[in-house]
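Subject: Structure handover

Hello,

Here is the structure for you to look over. Please keep it open while you read the notes under it.

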Amino acid sequence: MSSDPASKLENESPIILHTALELVPAKFHEPTKPFPVVNIVEVTEDDSIILSKKEDALVVPVSSEPTEDKIPGPLQLNHIVSSVLEPMSGAKKLRKMLLETDELIVCPGVYDGLSARTAMELGFNAMYMTGAGTTASRIGQPDLAIAQLHEMRENAEMIANLDPFGPPLIADMDTGYGGPIMVARTVEQYIRAGVAGAHLEDQVLTKRCGHLSGKKVVPQEEYIARIRAAHAARVRLQSDFVLIARTDALQTLGYDECISRLRAARDEGADVGLLEGFASKEQAAQAVKDLAPWPLLLNSVENGKSPVITVGEAREMGFRIMIFSFATLAPAYVAIRETLSRLKNEGIVGTPKHITPVKLFEVCGLQHSMAVDLNAGGTSFVGGL
């Protein structure tokens, strides 16, 4: 027998993969596209291969059925975040939030490491990486399809891994950056980056921010091909990644077409719907009713195309996720501009006394970095800072 470790493993302990199909828990929607069931059996050289029953296999989505170790009744969002102990499992956390709680998941829009760290400091249970904020902060450009997969995935990966045990990250995925092949590649890269979920829209490739005029969308058939490709990609990777179907068709094709597109996306495996740019609060509430019990996401952009809907109002309407795309980007611009104007006109920045370099570094994980060094026997921080 070969002494090569790989050969030895191959000869003495083969791993047999057996796949079947299992439906996503019915709490989202029935019928829906199947998820794979993965059954892993380890056998020795002399053993016969016996596959266990299908019901003993591991189903990727979290079951909505109660188990002995679950808390009776709906869970709370903060319990979900702390109960999933594996790193890089933001998708599992987000899916559990949707399936095992009845709370509204509030996601502040973040666009860089500091804005994300601040959201985590304040205890938000989930976050949203805004495409507009990523485009503005990383390349200083407007949200006009200028940032592509490389910039978006790289930024999402950085944010999602600031604390792999922390809140899950939903990210903007725009149009998927191409046809079905590119959409699948985008989903696969987002999953590997640790992103919990993302929304995929029906605008043309030369898209623009959802709260600008002049948007154009692709035919429904082309959009549904994107959804199919995205769903198939996460099935291949056996991921809990939450696929959010977004339509921007309201401006040009009207409300009924939006509902038709979202229903078609739902039937092709999308977990959550997003109708962008509601014209009124009444229209938003009606969409929740028309697509119930399928969960809907509300994108709140103050001073955009839609009326301001508060968290309380969204909760009352029945939305399950609410993202605030400009929640940190717009205030950051205001604060930076005011500060630089003060510097230009008065010759002083005027930073509040409690905002010291140490304070900012603590927000960014200073204590953890110091602990890593000290626990490893380093001496860089023995004397403190």
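Predicted model: local features only at pLDDT ≥ 70, side-chain atom pairs only at ≥ 80, totals over all residues.

Asn299. This residue sits in strand E10, which runs over residues 297-300. Its relative accessibility is 10%, and because buried means under 20%, Asn299 counts as buried. The side chain of Asn299 has a polar contact with the side chain of Glu276 at 2.9 Å, and another with the side chain of Ser325 at 2.7 Å. With neighbours within four places in sequence left aside, the residues in contact with Asn299 are His211, Leu274, Glu276, Ile323 and Ser325.

Surface patch. Four residues, Ile139, Leu144, Ile146 and Leu212, make up a nonpolar patch on the surface. Together they have about 290 Å² of accessible area. Ile146 lies in the loop between helix H5 (131-139) and helix H6 (149-160). Its relative accessibility is 36%, so Ile146 counts as partly exposed.

Helix H8. This helix covers residues 220-236, 17 residues in total. At 1.5 Å a residue it should span 24 Å, and the C-alpha atoms at its ends are 24 Å apart, so the two values agree. Several of its residues are buried, among them Gln220, Tyr223, Arg226, His231 and Arg234. The buried residues of H8 also include Ile224, Ile227, Ala229, Ala230, Ala233 and Val235. After H8 comes Gln238, which has a positive phi, near 50 degrees.

Regards

Terms used. Residues numbered from 1 in each chain as written. Heavy atoms only, no water. Helix = DSSP H or I, 4+ residues; strand = E, 2+ residues; numbered from the N terminus. Buried < 20%, exposed > 50% of the residue type's maximum accessible area, 1.4 Å probe, protein only. Polar contact = N/O pair within 3.5 Å; in protein donor to acceptor, adjacent residues only side chain to side chain. Contact = heavy atoms within 4.5 Å. Patch = residues over 30% accessible without salt bridge, like charges linked within 9 Å, V, L, I, M, F, W, Y side chains within 5 Å. Areas by Shrake-Rupley, 256 points an atom, 1.4 Å probe, with all protein chains shown as cover. Salt bridge = Lys/Arg side-chain N within 4 Å of Asp/Glu carboxyl O. Expected span 1.5 Å × (residues − 1).
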